[in-house]
Every structure is written in C-alpha cells, then in structure tokens.
Amino acid sequence: MPRSPIETRVQPLKLIKRRKKILGLGIITLVMILSLVWQASYTGWFSSEQELKVWIFDVGQGDAIFIETPEGKQILVDAGAGGTILTKLGEVMLPWDRTIDAVVVTHPHADHEGGLPEVLRRYNVGTIYETGVLGYNDLQETVEELVFEKGIETVMVTDKLPPPTLGEGLGVGVLAPDTNLQNKKIDNLNNSSIVLLLTYGETSILLTGDAAFEEEPEILNDIIEPIDVLKIAHHGSVTSTSREFLETVAPRYAIISVGAENDYGHPHPATLERLKTQNIEMFRTDLDGDILITSTGGEPTVESRPLPF
Ligand SMILES: [Zn+2]
C-alpha cells in the first residue's frame, strides 16, 4: 500500500531525532570516559609504582589529609569542616572503592571532625583512632552514635600505642599526646592533638594537628632527625610552630592547610616569617589548592595538584 505523504515525511524526522540522541549520548559517554582517564592519570589511580601518596586537601579552613600506602591502605587524618571531604575523596579514590582502612581524629574541633559524620555515612571505615578527650560540642555525640550503629572499632591513642603494621619500610608513629586523655577535659583542645610521624624509607612526614607551643616539647622528645615535610600546626597560628620547634624539626617543606580570607587571621605573619628565615619551601592550600606528597622511599616530592572540585 502506498504511504501517505505525511507518513513519508514523519519517518525521516524521527530517524534524525534518534540519530541526534545517539550522537548526544555518544558524546556524553566519550566525555565521561575521557574525564575518568584524565582523573586516573592525574591522581595516579593505577600508578604501578610502589608509591606513598599523601594528599593535603584544600578543604577551606580546616584539615583533611588522605594517606595511601604503597600497598593500597588508605588512612584519613581529619575530615575538614563540612561536606567538601566527600568531593575530595571521590576524586582521589576509585569510584567503586567505598572502604577507608583507618580514620584518625587529631582532636574534636569542628574544622577537623566536622566532615567525619558524612564520611562514616558514605564509607565503610575500618578503625577510628582518637584520644577520647572531651570536646565541647555535640559533634562527638553524632560520631559516637554512627560508630556504634556501624560497629566501627575505636582505638584510644597515646604515644605508647604500638605502631600499626602498614607495609614494608613504612611506619606511622604517634609522637603526642604523651598521656591518656580519655574522658578528660583540657583547657585547650588543640593541645590534645594526635601528632603522627609517617616514614617511608628515607621520607618522613610530620602531621601536627593543631598542636600549640605547650604540646611541642612532647613532640620534640621523639624527633631524632630532621623531617622532610611538616604539616604546620593550627593553620599557621601564631601560638604554634615556635622557632625552637622549627629548628629541631628542620623541615625541607612546610604545608599550611588554611582557608582563604579566614576569620582567624591564619596563617600569622610571624609564623610565615619564621618559615622564611629558615628557608623552608612553603605550600598553602589557600594559594596552591590541594597539595600532593609522593615518595617511593627516597626523597619525597611535594607539589601543588589542585583537584577539579
Ligand atoms: Zn584547626
């Protein structure tokens, strides 16, 4: 039967629309694949090298540090203030990876622990390391409830804690606090900060939380040789990172995790001056974005590696 003129006109139009749709979907898929390939090479998802990677995320005013060991263990040290941490983790972790081996809460301040509830909701966390010191907000309660609900193992930290096994040549030591702070109240929570020394071959990285002058002697007691990379304490505050501390730690690189135009005046010009006097190469998350430290066991590399989001 001959087709009506209308039918013959309509058919090709439908075909054109379908082709356009397929083309559109094709372009979207291609863009997605290209961006995944780019992300994989940018963040080193499939890097075959036995490499230690430490990301100091740019989470605004706060701290969030993500460690990936050469054997693939993942440790998060603090989670920043809000939801930014989820975006960052999504960018450096494989899309199907929903597990983080350990989370360290240096101290219960919102700019370090605030993002933790979201992390606990979205990821399966193996163990939480904290001091158990009493905080002044209901954040701890929210975290405790989630920890209980999900049955997450919690370890209370002092520097007597035997270092966990992380892999060949890799160590993480607790340098402070020296005393058990569980259920204790202290005047300045910053001085309850868990301070970690991460070592891999010749590489050493010191993560100081928000430790102020008062906590520095506890840290210095355990420092035997110069450190390669120092995460500056308390966002570059003037009450941390004394001259004596810097002289003993003698880092090659310093990283300040700090929000742009924050209300606290961090980092303080005096702290910056102390770093400058000692010719320490400095990185800042407010100026350099996300910072990546890598090491294959020799000298570490520190670079600004801003993630897209
Ligand atoms: Zn802080």
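**Entry 1: aspartate 78**

I began with aspartate 78, which counts as buried because it has 31 C-beta neighbours inside 10 Å. For burial I use these cut-offs: a residue is buried if 20 or more other C-beta atoms lie within 10 Å of its own, exposed if 12 or fewer, and partly exposed in between, with C-beta atoms placed from the backbone. I then looked up where aspartate 78 sits, and found it in strand β3, residues 74-79. Helices (H or I, at least four residues) and strands (E, at least two) are DSSP runs, numbered from the N terminus. Although aspartate 78 is not a glycine, its phi is positive, at about 70°.

I note that this is a predicted model, in which local features need pLDDT of at least 70 and side-chain atom pairs count only at pLDDT 80 or more, while totals for chains, interfaces and linings use all residues. Residues are numbered from 1 along each chain as its sequence is written.

**Entry 2: the chain as a whole**

I looked up the totals next: the protein chain has nine helices and 14 strands, and 41% of its 309 residues count as buried. Taken along the principal axes, the box filled by the C-alpha atoms is roughly 95 × 45 × 45 Å. Two residues are in contact if their C-beta atoms, placed from the backbone, lie within 7 Å. Of the contacts with a separation of 6 or more, 67% come from residues 24 or more positions apart.

Strands pair if DSSP finds at least two bridges between them. I checked β8 on both sides: with β7 it pairs in the antiparallel sense over six bridges, and with β9 (residues 203-207) it pairs in the antiparallel sense over five bridges. Leucine 196 of β8 is the bridge partner of valine 174, and its bridge partner in β9 is leucine 207. Tyrosine 200 stands opposite threonine 203 in β9. The hairpin of β8 and β9 has two residues between the strands, and in it glycine 201 takes a positive phi near 60°.

How many of the six residues of β8 are buried? Six of the six are, so β8 is largely enclosed by the rest of the structure. In a regular strand the side chains alternate between the two faces of the sheet. In β8, Val195, Leu197 and Thr199 point one way, while Leu196, Leu198 and Tyr200 point the other way.

**Entry 3: the loop between β7 and β8**

I then went to the loop between β7 (170-176) and β8 (195-200), where proline 177 has its place. The peptide bond that leads from alanine 176 to proline 177 is cis, with omega near 0°. Asparagine 183 lies in the loop between β7 and β8 as well, and has a positive phi of about 60° although it is not a glycine. Asparagine 183 is exposed because it has 10 other C-beta atoms within 10 Å.

In the loop between β11 and α8 I found proline 267, which a cis peptide bond joins to histidine 266, with omega about -10°. Helix α8 (residues 269-277) has Thr271, Arg274 and Leu275 as its buried residues. Seen down the axis of α8, these buried residues fall within an arc of 95° (the arc of the directions from the helix axis to the C-beta atoms), so they line one face of the helix. On the other side of α8, Pro269, Ala270, Glu273, Lys276 and Thr277 are exposed. The buried residues pack against α7 (243-249), β11 (253-256) and β12 (281-284). Just after α8, asparagine 279 takes a positive phi of about 55°.
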